[in-house]
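Subject: Handover of a structure

Dear colleague,

Please find the structure that I am handing over to you below. I would ask you to keep it open while you read the notes that follow.

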Amino acid sequence: MEHKVTLRKIEHVNHNVLHLVTDKPKDYHFKPGQATEVSIDKNGWKNKKRPFTFTNLSDDKELEFTIKVYPSHDGVTEQLEQLEVGDYLLIGDAWGAIQYKGTGAFIAGGAGVTPFIAILKDLKRKGELKGNQLFFSNHRERDIIYKNNLEAWLGENLHVILSQEDHKDYAHGLISKDYLEKHNLEVTKPVYLCGPPPMMEAVEADLYKMGLPKSQLVVEE
């Protein structure tokens, strides 16, 4: 089912990530970690649907999306950047397989962190964040989405690694078997993985080498 929603707020979270707030259709529900198809209610754009994750919680009065802008891509995110308060978006129903199945480790690359934002918010609200880790890979320090929130929520259980910048506060390189073992990832607990496909394939292979059962890996189907 398609819903028409009004844009209530638009702002930059960092240099290439947008935070959008819209009104919420009546009786619209989703689970933390789920997404929906979004398009712009303008001629030429209504059928150009893209999947975006909710970064708020289902009982909030509005909907929120945190979206990485790719100016060189097909133009949808670039068009989103041009929107103004009062413009309309079209959204579908909620879908997605990334759901919380217990304390464990979240592994994200770049904008792949967005499904985990809502899950972590939900756990914080319930007082159940303790024991969860987040391994978060970014190109540079300026790319880290919601850095202050994540640091406040997770403290020493937040592990940020940068692939294209040497920074005194963060590890340098890629998320690897050695890196995960160094920070005590437990393969007996659920592991939640989301990021660019090459990163996900590499990390998945490393997790299985570490002994993670396939049944413990939570990824988007």
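The buried residues of helix α2 pack against β4 (50-53), β5 (62-68), β7 (105-109), β8 (133-138), α3 (147-154) and β11 (191-194). Here, contact means heavy atoms within 4.5 Å. Buried means under 20% relative accessible area, exposed means over 50%, and partly exposed lies in between (1.4 Å probe, protein chains only). The helices (H or I, at least four residues) and strands (E, at least two) are DSSP runs, numbered from the N terminus.

Please note that this is a predicted model, in which local features need pLDDT of at least 70 and side-chain atom pairs count only at pLDDT 80 or more, while totals for chains, interfaces and linings use all residues. Residues are numbered from 1 along each chain as its sequence is written, and side-chain values use heavy atoms, with hydrogens and water left out.

Helix α2

This helix covers residues 114-126, and its 13 residues reach 19 Å from the first C-alpha to the last, close to the 18 Å expected at 1.5 Å a residue. The expected span is 1.5 Å times one less than the number of residues. Thr114, Pro115, Phe116, Ile117, Ala118, Ile119, Leu120, Asp122 and Leu123 are the buried residues of α2. After the helix comes Gly127, with a positive phi near 75°.

The sheet and strand β8

In what order do the six strands of the open sheet lie? The order is β10-β9-β8-β7-β11-β12, and the pairing is parallel. The edge strands, each pairing on one side only, are β10 (171-172) and β12 (217-218). Two strands pair if DSSP finds at least two bridges between them. Helix α5 (residues 197-209) packs on the sheet and touches β7, β11 and β12; the direction of α5 makes about 160° with that of β11. Such axes are lines fitted to C-alpha atoms, for helices over the stretch in contact, and the angles run from 0 to 180 degrees between N-to-C directions.

Strand β8 has a parallel neighbour in β9 (residues 158-162), joined to β8 by five bridges. Within this pairing, Phe135 stands opposite His159 of β9. β7 also pairs with β8 in the parallel sense, over five bridges, and Ser137 in β8 is the bridge partner of Gly109. Six of the six residues of β8 are buried. In a regular strand, side chains alternate between the two faces of the sheet. In β8, Gln133, Phe135 and Ser137 point one way, whereas Leu134, Phe136 and Asn138 point the other way.

Aromatic rings

How many aromatic pairs does a search of the whole structure find? The search finds eight. Rings of Phe, Tyr and Trp (its six-membered ring) pair if their centres lie within 6.5 Å; planes under 30 degrees apart count as stacked, over 60 as edge-to-face and the rest as tilted. Tyr100 and Tyr192 are a stacked pair, 5.9 Å centre to centre with 15° between the planes. Tyr100 belongs to the loop between β6 (88-91) and β7 and Tyr192 to strand β11, so this pair ties together parts that are 92 residues apart in sequence. Tyr100 is partly exposed at a relative accessible area of 29%, whereas Tyr192 is buried at 0%.

Phe135 and Tyr179 make an edge-to-face pair, 6.1 Å centre to centre with 75° between the planes. Since Phe135 is in strand β8 and Tyr179 in helix α4 (residues 177-182), the pair ties together parts that are 44 residues apart in sequence. Phe135 counts as buried at 0% relative accessibility, and Tyr179 counts as buried at 8%.

Most residues other than glycine have a negative phi. Tyr146, however, has a positive phi near 55°. Tyr146 is in the loop between β8 and α3 and counts as buried at 18% relative accessibility. Asn184 likewise has a positive phi, of about 60°.

Yours sincerely,
Your colleague
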